[in-house]
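Please look over the sequence and the structure below before reading on. The paragraphs that follow take one part at a time.

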Amino acid sequence: MAARVRSSVRLLCLLGALLACSCVVAGKLFLLQIRDSHRMSALAAEQRLRTVALPAHRGSILASDSSELAISLDMQTIFASPRFIADPGAAAAAIAPILKMNPERLAAKLSGDSGFVYVARKVEPAVAEKVRALDITGIEFMAEQKRFYPSGVLAGQVLGFVGDDNRGLAGLEMKYDHLLQGNPGKVVMERDPGGRPIPSGRSSVRDAVGGQDLVLTIDKQIQFEAQAALDRAIQAWGARGGTIVVMDPRNGDILAMANAPSFDPNDLKTSTARDRKNRAVTDVYEPGSVSKLITAAAALESGVTNPSEVLRVADHLKIGAKTFKDSHHHPVENLSFAQVIQLSSNVGTIKVAERLGKTRLHDYLVRFGYGRVTGLGFPGESAGILARPEKWWATSLGTISIGQGVAVTPLQMVQAYATVANDGVEAKPRLVQAVVGPEGDRQAAGLAAPRRVIQKETARQLTEILVGVTEGDDGTGKAAAIPGYRVAGKTGTAQKPLQGAAGYAGYVASFVGFAPADDPRLVVGVILDDPTPFLAGSTAAVTFKEVMGFSLRRVGAQVEVGRLVEGAPLGAAARN
Amino acid sequence: MTVTESHVRRGRRAPFPGGRAPLSVPGPAAATSRKATPAASRRSKRSDSILVLVALLVAGGVVFGLVLVNIALAQSSFQLADLQKRSAEGQVRQRQLRFEVAKAESPERIAQMGADLGLVAPERQEYLQGPAVLVASHSEPAAGTAGFELAPARP
């Protein structure tokens with residue numbers, strides 16, 4: 001009986017122990033499976049699942065003929081985990097000759113206990129393969145894109161450049177970064193304890209969506225010719241810099257935007273911030289006599305004068321304490337208003353501006369785009385400098401009417417002439433004509449609504465006056481005349497204001513014009529910073545002729561055979 | 001049929017009033033029942049064996065099928081990965097070629113190549129007006145045509 005009781009007690013104890021164990025196990029299971037299930041699942045997934053980022057391919061930037069101006073290529077970045085490299089010296093000795101690196105410096109980099117160090121970024125895949133073939137433990141590879149600019153300096157300041165992370169840092173690369181960069185994707189896959197992917201394991205893929213291509217309005221040939229002509233001008237006349245803009249006045253398409261000094265976006269290290277500036281939109285200058293176009297437009301449109309009205313013009317005019325002078329001494333002359341502009345008489349222009357008054361002159365300057373950005377939206381674009389009329393000095397009407405005391409960008413000045421060329425209607429400038437998606441779907445960039453600035457009749461009168469600048473006997477821009485075409489344009493030789501001080505030093509020579517005058521296809525603006533000689537008629541007008549002549553032939557503008565002149569050299573082409 | 005008979009037929013002990021079973025001689029039905037039980041059992045065992053065999057075969061087939069499907073999936077997945085790799089390589093190559101073409105088409109390079117080959121830009125530009133065919137075949141414009149004009153020019 002006692003034995004049976006003992007046996008029962010033992011059984012009960014065993015049962016109790018088993019129950020207790022079961023409770024512990026059940027409790028632990030509860031903790032693991034229910035309370036901490038999410039955390040545990042996540043930990044397990046972290047061990048088994050591997051996520052690999054798929055970088056999106058950056059879109060290209062194309063010229064108007066769809067040839068690449070900027071393209072991204074897949075490169076290989078070589079990195080190392082020094083803690084896994086058994087013999088850094090031997091590894092460096094093997095790798096350095098392939099990568100053309102200093103073996104000692106590389107060995108130092110590969111030594112130590114670091115987990116990650118770059119060996120070389122964005123190297124050619126073929127070069128990376130040579131390093132991979134060495135099969136050195138601790139040397140790893142990853143794909144990265146590198147931006148290339150196949151045409152080198154061509155439109156470098158317009159295109160801009162990207163950083164090491166392939167994000168746009170300047171120019172169109174920066175402005176349209178959101179379109180170019182695309183959306184990165186990712187791959188999530190299960191891997192075995194050795195780190196190898198399990199083919200039939202759980203996996204998910206979100207494909208990267210490539211960036212969109214930008215099709216620019218830039219004509220590669222005209223851009224090249226503009227850059228070459230600008231470089232020649234800089235060299236010939238010792239100018240400190242310059243800008244050339246070529247625009248289609250009918251739709252605002254910018255066909256060329258050349259700057260000097262220039263730079264190659266493939267080789268940023270050899271350039272300075274000054275080289276990388278797109279001066280056509282970021283820098284302002286006092287335009288001088290080319291701005292008389294707007295004074296003339298305001299005067300004609302307001303009816304305060306007409307092209308044939310004769311004015312008595314001396315060679316100087318005193319307003320307050322300031323005496324304004326013409327560029328050369330001359331007796332008091334009877335000049336028509338058209339001649340006043342064609343001869344670029346400061347005195348005649350100021351006399352007409354006095355009839356206009358400062359408010360009306362200011363109003364027309366604003367209408368032509370002074371003091372506000374053009375709408376191009378280029379990074380760093382300047383609005384120029386135009387004071388409100390209530391802040392003008394007593395002499396401001398005189399200075400501003402002849403293009404001093406006011407500052408514009410070269411693009412603003414070209415746009416003003418484009419407005420006249422387009423029968424008084426302003427077309428907003430643009431650099432991008434279309435966007436092409438990764439699947440090839442092309443979306444044309446919209447044109448901004450045109451805006452009438454002056455009446456068509458006024459524009460035609462101005463055009464005839466400007467033709468006289470290049471064709472008239474005393475025109476200041478005769479060097480800009482192009483056989484076979486009627487050219488309308490204006491010279492400007494403006495004094496440069498001193499930086500941070502009153503007064504002027506040096507000159508900016510410019511010529512802005514359009515052709516053919518009867519059916520304008522192109523507007524070209526040439527601005528040279530401090531050339532020698534400083535007169536625009538001897539410098540900027542010559543470069544204008546070279547660029548405009550080439551561009552007219554390039555776009556197939558109709559030649560007037562009766563205007564052809566026999567036997568003259570081609571100028572620009574001959575010097576290529 | 002009595003209660004007892006029915007129970008004998010079923011091969012069971014019938015309930016006895018008074019708690020004690022009466023002596024009895026097994027009837028023909030009981031004998032038949034004893035003879036049939038082993039045969040039925042054998043049949044039952046055989047059919048069970050067949051069932052198990054079929055089940056095993058089915059299970060084996062399913063397992064084998066699953067293995068085959070898995071192999072096929074794995075093969076397809078390898079093929080897919082291979083094709084994707086080849087496609088990616090093709091895209092890389094295509095981009096590389098586009099880059100090479102763009103470099104070759106660069107105006108600067110073309111101008112340099114022309115200069116290296118000794119090419120020079122023309123000093124004059126000539127424009128043809130009217131039917132160009134007349135340039136080669138006639139020194140005078142044909143009657144009734146607009147004629148042509150060869151005009152050297154400068155830009």
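Which residue of β12(A) does Val246(A) stand opposite? Ala256(A) is the residue facing Val246(A). The coordinates come from a predicted model, so everything said here describes that prediction. The two residues belong to a pair of strands: β11 of chain A, residues 241-247, runs antiparallel to β12(A), and six bridges connect them.

That pair is part of an open sheet in chain A. Five strands make up the sheet, in the order β12-β11-β23-β22-β21, with antiparallel pairing. The two edge positions are taken by β12 (254-260) and β21 (488-497) of chain A; each has a single partner strand, so one side of each has no neighbour in the sheet. From one strand to the next, the twist averages 10 degrees. Strands of a sheet pair through backbone hydrogen bonds, either parallel or antiparallel.

Gly241(A) lies in strand β11 of chain A. Is Gly241(A) buried or exposed? Gly241(A) has 20 other C-beta atoms within 10 Å, and a residue with 20 or more counts as buried. Setting aside neighbours within four places in sequence, the contacts of Gly241(A) are Ala260(A), Pro261(A), Arg279(A) and Asp529(A). Ser262(A) is 21 residues from Gly241(A) in sequence, and their C-alpha atoms are 9.3 Å apart in space.

Helices lie across the sheet. Helix α16 of chain A, residues 410-421, lies across β11, β22 (504-515) and β23 (522-529) of chain A, and runs at about 150 degrees to β23(A). Helix α18 of chain A, residues 540-555, lies across β11, β12, β21, β22 and β23 of chain A, also running at about 150 degrees to β23(A).

Helix α18(A) also packs against another helix. Two packed helices are described by the angle between their axes and the distance between the axes. For α18(A) and helix α9 of chain A (residues 220-237), the angle is about 165 degrees and the axes are 10 Å apart. Angles over 145 degrees count as roughly antiparallel, and α9(A) and α18(A) are therefore roughly antiparallel to each other. The crossing of α9(A) past α18(A) is right-handed. On the α9(A) side the residues that meet α18(A) include Ile222(A), Ala226(A), Ala229(A) and Leu230(A). Among the residues of α18(A) that meet α9(A) are Val547(A), Phe550(A) and Arg554(A).

Other strands of chain A pair as well. Strand β1 (residues 49-54) and strand β8 (residues 185-190) of chain A run antiparallel and are joined by six bridges; here Ala53(A) has Lys186(A) in β8(A) as its bridge partner. Strand β8(A) is also joined to strand β9 (residues 203-206) of chain A, by four bridges and again antiparallel.

Helix α1 of chain A, residues 2-35, has 34 residues, which at 1.5 Å a residue should span 50 Å; the end C-alpha atoms are 47 Å apart, in agreement. How many of the 34 residues of α1(A) are buried? The number is zero, so α1(A) lies largely in the open.

Chain B contains four helices and two strands, arranged along the sequence as α-α-α-β-α-β. Of its 155 residues, 5% count as buried. Among contacts in chain B between residues at least 6 apart in sequence, 20% join residues at least 24 apart.

Technical notes:
Residues are numbered from 1 along each chain as its sequence is written. Chains are lettered from A and ligands numbered from 1 in the order in which they are written. This is a predicted model: local features need pLDDT of at least 70, side-chain atom pairs count only at pLDDT 80 or more; totals for chains, interfaces and linings use all residues. Two strands pair if DSSP finds at least two bridges between them. Axes are lines fitted to C-alpha atoms, for helices over the stretch in contact, and angles run from 0 to 180 degrees between N-to-C directions. Two residues are in contact if their C-beta atoms, placed from the backbone, lie within 7 Å. The expected span of a helix is 1.5 Å times one less than its number of residues. A residue is buried if 20 or more other C-beta atoms lie within 10 Å of its own, exposed if 12 or fewer, and partly exposed in between; C-beta atoms are placed from the backbone. Angles under 35 degrees count as roughly parallel, over 145 as roughly antiparallel, 65 to 115 as roughly perpendicular and the rest as oblique. A crossing is left-handed if the near helix is turned anticlockwise from the far one by less than a right angle, and right-handed if clockwise.
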